[in-house]
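Take a walk through this model, one region at a time. Keep the sequence to hand as you read.

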Amino acid sequence: MLLGALVFSSLYLNRALNNGERALVEDGELVSILISANNASRAFGDLKYWLADLAVSLLMRAETNAELAHERLLGALENLRPHDTETVLAVQSEIDLMMAKSLEAVEAYTDGQRVIGNTLMSEARKHTQLIDQRLATMVGNFEQQALKQRDNSLEDIRRTAWLSKLIMFAAIVIGLLLTVLVLHSIRTPLEKLVGAMKKITAGNLDATVPDVGHDEIGAMANTLKLFRDSLRERDRLAGERDQASTALELTQSQLNAALESISEGFCLYDANDRLLLCNRRYREVLYPDMEDTVVPGMQFETIMRQAARHGLIKDAVGKEDEWLAKRLQRHRHPGEAHIHQRGDGSWIRVDEGKTRDGGTVAVYTDITDLKLAEQELRQTRDEAERATKAKSTFLATMSHEIRTPMNGVIGMSNLLLNTDLDDEQRDYSQTIADSADALLTVINDVLDYSKIEAGKFDLDPQPMDLRGCIEGALDLITASADAKQLDLAYLIEKDTPEGVIADRARLRQILLNLLNNAVKFTHQGEIVLKVGSVEVPDEINRKMVQQNPAHTEIVGLEFSVKDTGIGIPQDKIHSLFQSFTQVDASTTRIYGGTGLGLAISKNLAEMMQGNIWVESAQGIGTTFYFTIFIPRTEIQRNARLHEAKPDLKGKNLLIVDDNATNIKILQAHAEEWSMGSTATQSPLEALEWIEAGKAFDVAILDYSMPLMNGIQLASRIRAHSNGQNLPLVLLSSLATLADVDKDQLQQVAFHVKLTKPIKPSPLLDVLMDIFAENPQQYERRLPGVETDYNEQTAEKLPMEVLLVDDNKTNQKLAQIVLKRLGYQPAIASNGLEAVEMQQANGFDLILMDIEMPEMDGVDATRRIRELNGDTAGAYIIAMTANAMQGDRERYLQAGMDGYISKPLRLNELVNGLESAYQHTAGRNVAAEV
């Protein structure tokens, strides 16, 4: 019976213990589920932290940690999915939306679009709050299940303990010792577990769970430990969640403070045009007295309509519906920023853009100060343009008013010089003419500089002969160089192109400025002009080809003008190319000049893509360099000056010149033409060679040499038998040659006399003439300006001429000049008379002044071109003192055929007569046909 009771009690207790074990196992499963839920909550807390850190710092580490937290969160949710599928799926959906918005915000911050980034982060926080709520609910549910299970387990344990007491009490009679042992082995550890469980349920999570072995009670102890640890983890996660929530609230507060601190108005509308958020600037400053309207949730159209009705938008006054329609169109389809004026006169620029979810973010900037500054700048510009126009008008007027009397002074002085005068009268007349030319040079320099300064100076590039331009410039200064007994030479390098496209007049102007300066500041010695090629920089080549694709070959030219003059101090070189500047005040007094020549030359060189600079040593001399970059072209020349000449091959040339530069140039030409050359600076050494029987085929002798001049040397050569038939060429200046007795020249029997500077073309003609089978006397045509009046001009160029000018002095001057050329011009005093006289008589050529009373020259030309028949086809030349930029083009557009600037130059007038005659002859031939 005792055994049965023991067996029964044992079986009963075993069953009760099994039930307790199952309860503990179920408790363990609930604890595991609770741990997974807590893990999910902790992983989500990490994910929120690292996403917030990524949005702020944009660091790769934050992105990596966020991805790891996301993976842990998804793993924890996957473990919970069998136990609460609906909640887990809802949480996963919200996590995906939150992740998408957060990453879009990070991209916006990366692109610098902080407004859009803040908007996206705000939307992500909404999903975060939903996830927190659902995770908290799920953890709470699992905790309630665990607590319920714990209570059930405790109830089972109490029941088992009570039954155990009852069995032990019933069995005490049978076996007190057995009961005591059973009670001791079961009741004591259970009481410890109950005590520990009470402490834990009372909130003491630091309570120690006793180690009661590895049996069922030990399993219950382990389950209790897991339960205690899960509660600890829950508290830790709750603390982290509170910290993250506090940080999020702080970030939101900082964002709001930042939006409120900016000076621009800021607003964000959703895809349905409802206001989501805005700052105080937008709400109170831009839309005052509309606090009830400018609130979150209000439609954009409603806000704009109320603003228009309150008179806040100037453009909307009187046309609210039209303005509102345009404003809504711009708001819903934003493009470039637009500007509107408000009712208080201020100006607002609106920058709008679309967010990824279809909303609209906008920034309103007050640009009133900018508009006022722009208006002031526009007024300043207009005033400057009026001042520039007034200056140009003043310069044009002054040019006309100065050139008109200058025309009379220069013209009459030239006419006077062509009359019979004694020496004193001729000296006075020449002084008048020279002074007038000097004054005209000053006027031209001032006008050119004014054009450059006003940006109205343009080049007129045309195909031209480079050598001809250079030689023409040298011709113009030859007389002044001869007057100071200076040697003038030039050398064009072999690889220098002959044909180029450039403004011939402006290139010659640079050369004349530099050459005239060299003559002015050099008292003895030489002036040497050299021209060679330089490499064209790729940038300049591309630029010029882009400007004109037809110019496929661009060349660079370097010019140098070297003199042996007074030199320039090193500390003064930097100011040379400044306007109205010379080396010092004493130079201005001694040498004169405006100080504009080099400044104009610098601007001209730069307009030709080049540069200008100077090297100088005081007391030794100065070398000016300048470069230009221009298109190359082909020109037709009679002779190739840099090619070998078979007729000259093997001929031996004797050169006698005390100037080393001239010797170098002559030897270079001789080498190019396949000639041999022997040179010396000593006339006595040359005589020794002749007397010694050294064979020469031709000799070039300089006139001005020490100890013995060129004529004396030639006489000594002719006196020797070896030199009696030797062709001799004399080099001299025009001034020097004019002082030589003609009989003395004829006695020496020079083959030809050439003037300096040495030019290869006439020199080659002389040499070819000497060595031809039928030699002919070479007679060189001296280039220069036509200064003699030829009464046969009218016979060669017969025309009926009408002179139109209101100035009596100009009428008298032009009439005398034309009469000396053989013409009998008719006179008209204004444009109206000119039209009437042309209609009545039909003149071939009309010399038309511009500034005249009743009708000016431009209107008169237009009226003449409207006449019937041949009278409308007269050749009309503008002959005016206007010399400003654009005058020539304006006259040609009006129907004129030519342009002559006053003061009147005879060669320009003769050229105009020739052009007019060709035009008239061609018209007559066409009429006959």
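Does Leu707 count as buried or exposed? At 82% relative accessibility, Leu707 counts as exposed. Here exposed means over 50% relative accessible area, buried under 20%, and partly exposed in between, with a 1.4 Å probe and protein chains only. Leu707 sits in the loop between β15 (698–702) and α18 (710–719). Its phi is positive, about 70°, although Leu707 is not a glycine. Helices (H or I, at least four residues) and strands (E, at least two) are DSSP runs, numbered from the N terminus.

Some ground rules come next. This is a predicted model, in which local features need pLDDT of at least 70 and side-chain atom pairs count only at pLDDT 80 or more, while totals for chains, interfaces and linings use all residues. Residues are numbered from 1 along each chain as its sequence is written, and side-chain values use heavy atoms, with hydrogens and water left out.

Gln485 also has a positive phi, near 55°, in a residue other than glycine. The loop that holds Gln485 runs between α11 (466–483) and β7 (487–492). Gln485 is exposed, at 70% relative accessible area. Helix α15 itself spans residues 597–607, and its buried residues include Gly597, Leu598, Ile600 and Leu604.

Now turn to the interior. A nonpolar core is a set of buried Ala, Val, Leu, Ile, Met, Phe, Trp, Tyr and Cys residues joined through side-chain atoms within 4.5 Å. The largest such core has 49 residues, and Leu47 and Leu77 have the most contacts inside it. Two or more residues come from each of α1 (2–57), α2 (60–80), α3 (85–110), α4 (114–201) and α5 (216–261). The most come from α4, which gives 15 residues. Beyond its neighbours within four places in sequence, Leu47 is in contact (heavy atoms within 4.5 Å) with Ala66, Ala69, His70, Leu73, Met98 and Met99. Apart from this core lies another, of 44 residues, with Ile492, Phe577, Phe626 and Ile630 among them.

How do α2 and α3 pack? Their axes come within 10 Å and cross at roughly 165°. That makes α2 roughly antiparallel to α3. Axes are lines fitted to C-alpha atoms, for helices over the stretch in contact, and angles run from 0 to 180 degrees between N-to-C directions. Angles under 35 degrees count as roughly parallel, over 145 as roughly antiparallel, 65 to 115 as roughly perpendicular and the rest as oblique. From α2, His70, Leu73, Leu77, Glu78 and Leu80 meet Val88, Val91, Gln92, Ile95 and Met99 of α3.

Helix α24 (residues 831–841) and helix α25 (residues 857–865) have axes that come within 9 Å and cross at roughly 20°. The two are therefore roughly parallel to each other. Gly831, Val835 and Gln838 in α24 meet Ala860, Arg863 and Ile864 in α25.

Finish with a loop residue. Asp849 lies between β20 (845–848) and α25. Is Asp849 buried or exposed? Asp849 is buried, with a relative accessible area of 2%. Leaving aside neighbours within four places in sequence, Asp849 is in contact with Val804, Asp805, Asp806, Gly857, Met879, Thr880 and Lys902.
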